Amino acid sequence: MQHIKVFEACVHEFSRLPGIGRKTATRLALHVLKMKSENVERLSKSISELKEKTRFCSECGAISEGELCGVCSSPSRRKDVICVVEEAKDVFFIEHTGQFGGVYHVLGGKISPLDGVGPGELNFTGLVERVEKNGVKEVIIATNPDADGETTAMYIGRILKKFEGLKVTKLASGIPIGSHIEFADEITVLRALEGRREL
Ligand SMILES: [Zn+2]
């Protein structure tokens, strides 16, 4: 087969993305080749700009344009109520409901023994520090309702036990957030927030 270096390089880059196999990567590279030049430019510009102009909030780990994200830097948000989520994208979803007045904490994943993710890989230390530092009154756990999400929730409950008077709650069960985010609508999330119960 004919070997075209530049095309292969592009396929290789796409295949490094999560969930993209070699077959899909080839299809994407081919698609780029068929695209209008200005659209390809727009795509590559938006990727570089994303990396240049956004980062993760130093306080909560959400996607941010500055050192602190809009939620953490807002004076109207309650710093003593923290909602713990698995991934940065989960923040967008809960924010979209407009019903949560506290701040977030992004773990960066969930404890998953099968995938080799232990507590050391996730930002639990930051959570404990924030609870200590900000006199937090409530921690709402919004991990996924799957086995790993439940394990993670139990782990959080355990590490926060030492804080007397701290309320640790969990979203009403069976509510898909996070990896299932696209399947949960705002009202479902709202109900989950309202129906949260103590761990
Ligand atoms: Zn933040």
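**Figure 1. The whole chain, seen through its contacts.** Of the contacts in the chain with a separation of 6 or more, 57% join residues 24 or more positions apart. Please keep in mind as you browse that this is a predicted model. The chain holds 7 helices and 7 strands, and along the sequence they follow the order α-α-α-β-β-β-α-β-α-β-α-β-α-β. The C-alpha trace spans about 65 × 40 × 30 Å along its principal axes. Of the 199 residues in the chain, 39% are buried.

Figure 2. The protein donors here are the SG atoms of C57, C60, C69 and C72, lying 2.3 Å from the zinc ion. Their spacing in sequence reads C-x2-C-x8-C-x2-C. The arrangement is tetrahedral because the 4 donor atoms subtend angles of 107 to 115° around the zinc ion. Two of these residues, C60 and C69, are both buried.

**Figure 3. Inside the largest nonpolar core.** This core has 41 residues, and I94 and L160 have the most contacts inside it. Elements that each supply at least two of its residues include β3 (81-85), α4 (88-97), α5 (124-133) and α6 (147-159). The biggest contribution comes from β3, with 5 residues.

Figure 4. Setting aside neighbours within four places in sequence, I94 is in contact with C83, V85, F100, Y104, A142, V189 and L193. Elsewhere, V11, F14, A25 and V32 are among the 5 residues of a second, separate core.

Terms used:
Residues are numbered from 1 along each chain as its sequence is written. This is a predicted model: local features need pLDDT of at least 70, side-chain atom pairs count only at pLDDT 80 or more; totals for chains, interfaces and linings use all residues. Side-chain values use heavy atoms; hydrogens and water are left out. Donors are N, O and S atoms within 2.8 Å of the metal (3.2 Å for Na, K and Ca); water is not among the atoms, so sites may look incomplete. Four donors count as tetrahedral if all angles lie between 85 and 135 degrees; four count as square planar and six as octahedral if opposite donors are over 155 degrees apart and all others between 65 and 115; anything else is irregular. Buried means under 20% relative accessible area, exposed over 50%, partly exposed in between (1.4 Å probe, protein chains only). A nonpolar core is a set of buried Ala, Val, Leu, Ile, Met, Phe, Trp, Tyr and Cys residues joined through side-chain atoms within 4.5 Å. Helices (H or I, at least four residues) and strands (E, at least two) are DSSP runs, numbered from the N terminus. Contact means heavy atoms within 4.5 Å.
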